[in-house]
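Dear colleague,

Please find below the structure that I am handing over to you. My findings follow directly after it.

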Amino acid sequence: MATSTLLPPVTARSTPRRTRPRGGMTRPRGRDWIVVALVALGALAVLAPFYLVVVNSFKSPTDYATSGALALPQALDFTGLGRFWERVNFPEKVWNSLFISGVVAVLAVLISMLNAFAIGIGRVKYRTSIVLLFLLANLLPQEALLYPLYYMFKEVGLYDNVWSVIIIFGVVQAAFGTYLLSSVYGTFPKEVLEAASLDGASRWQILWRVVFPISRPTLSVLLIFFFIWTWNEFLIPLTFLASNANQTVPVAISVLQGDRLMDVTTTSASALLGIIPTLIFFLVFQRTLTRGITAGAVK
């Protein structure tokens, strides 16, 4: 006789299986929506001043008086932009800011790299105390530097000269760059340095052919930050650049507002023209900045 195998009866599951969304994605929870809402509110708070500056820069004084600050302009009016452009000789002020910020950025990065190479890789004595001194130099307020620096540059004949501001900011920015790069170079792979030394490379060759190419992303980030920080500086350029021909963009905007009464549209136009160069610089080097931050985060 043939034996028959008994199969267990097929029963349906009492509870349906929970299916996960494709790709392993999970549905956003209430906490995620709160974070998104807070980020959106923060973005609105940041963009609101830019909106006011851009909208009011292209209004006429009459349009501003009738429609207010929040409304869009009824017609594009470039009177405020042209009035500010002519009053301060804006191309001259842009060139002064570009020259000062560019030279300071390059000079500060170069000094920072040389100092950090000596401290972090050269292993000089008392390097911890030296790095601490650079950190303390960054904590000094600018108001404490005005009095001694004013008389020093008066004595050497550099007062009311753009090189006085370049020297001051070059040293200040280099102090921060040295403090940052010293910790980075302190963790530099010793095997790479030893291999270059065994191949007959000198200290100078190790710096420019080994250390510099590897640390180029970090140096690029410092260069961008030093340029933007120097461009936005106000107190020291106001103190050391007395003549109109040597003034930077922030100083020219403030001096014009204090010297002559300007309407709101001209003031907004001055702020817009002061923002545009740094915005263009940031957009041009945005990819470099992103690569530098990513290279510093991923080893």
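Asn89 is placed in the loop between H3 and H4, where helices (H or I, at least four residues) and strands (E, at least two) are DSSP runs, numbered from the N terminus. The phi of Asn89 is positive, near 55°, in a residue other than glycine. At 37% relative accessibility, Asn89 counts as partly exposed; buried means under 20% relative accessible area, exposed over 50%, and partly exposed in between (1.4 Å probe, protein chains only).

Please note that this is a predicted model, in which local features need pLDDT of at least 70 and side-chain atom pairs count only at pLDDT 80 or more, while totals for chains, interfaces and linings use all residues. Residues are numbered from 1 along each chain as its sequence is written, and side-chain values use heavy atoms, with hydrogens and water left out.

Asp160 also has a positive phi, near 60°, and is a residue other than glycine. Asp160 sits in the loop between helix H6 (143-156) and helix H7 (162-186), and with a relative accessible area of 24% Asp160 is partly exposed.

In helix H3 (residues 79-88), the buried residues are Gly80, Leu81, Phe84 and Val88. They lie on the same side of H3 because they cover an arc of only 100° around the axis, the arc being that of the directions from the helix axis to the C-beta atoms.

Ser97 belongs to helix H4 (residues 90-121) and is buried, at 2% relative accessibility. Apart from neighbours within four places in sequence, Ser97 is in contact (heavy atoms within 4.5 Å) with Trp231, Thr248, Val249 and Pro250.

How do helices H9 and H10 cross, and at what angle? The axes of H9 (residues 203-214) and H10 (residues 216-231) come within 4 Å and cross at roughly 65°. Axes are lines fitted to C-alpha atoms, for helices over the stretch in contact, and angles run from 0 to 180 degrees between N-to-C directions. H9 is therefore roughly perpendicular to H10, a term for angles of 65 to 115 degrees. Phe212, Pro213 and Ile214 of H9 meet Arg216, Pro217 and Leu219 of H10 in this contact. Its residues divide into 5 nonpolar (Ala, Val, Leu, Ile, Met, Phe, Trp, Tyr, Cys and Pro), no polar (the others, Gly among them) and 1 charged (Asp, Glu, Lys and Arg).

As for the protein chain overall, there are 14 helices and 0 strands. Of its 299 residues, 32% are buried.

Yours sincerely

Technical notes. Parallel < 35°, antiparallel > 145°, perpendicular 65-115°, else oblique.
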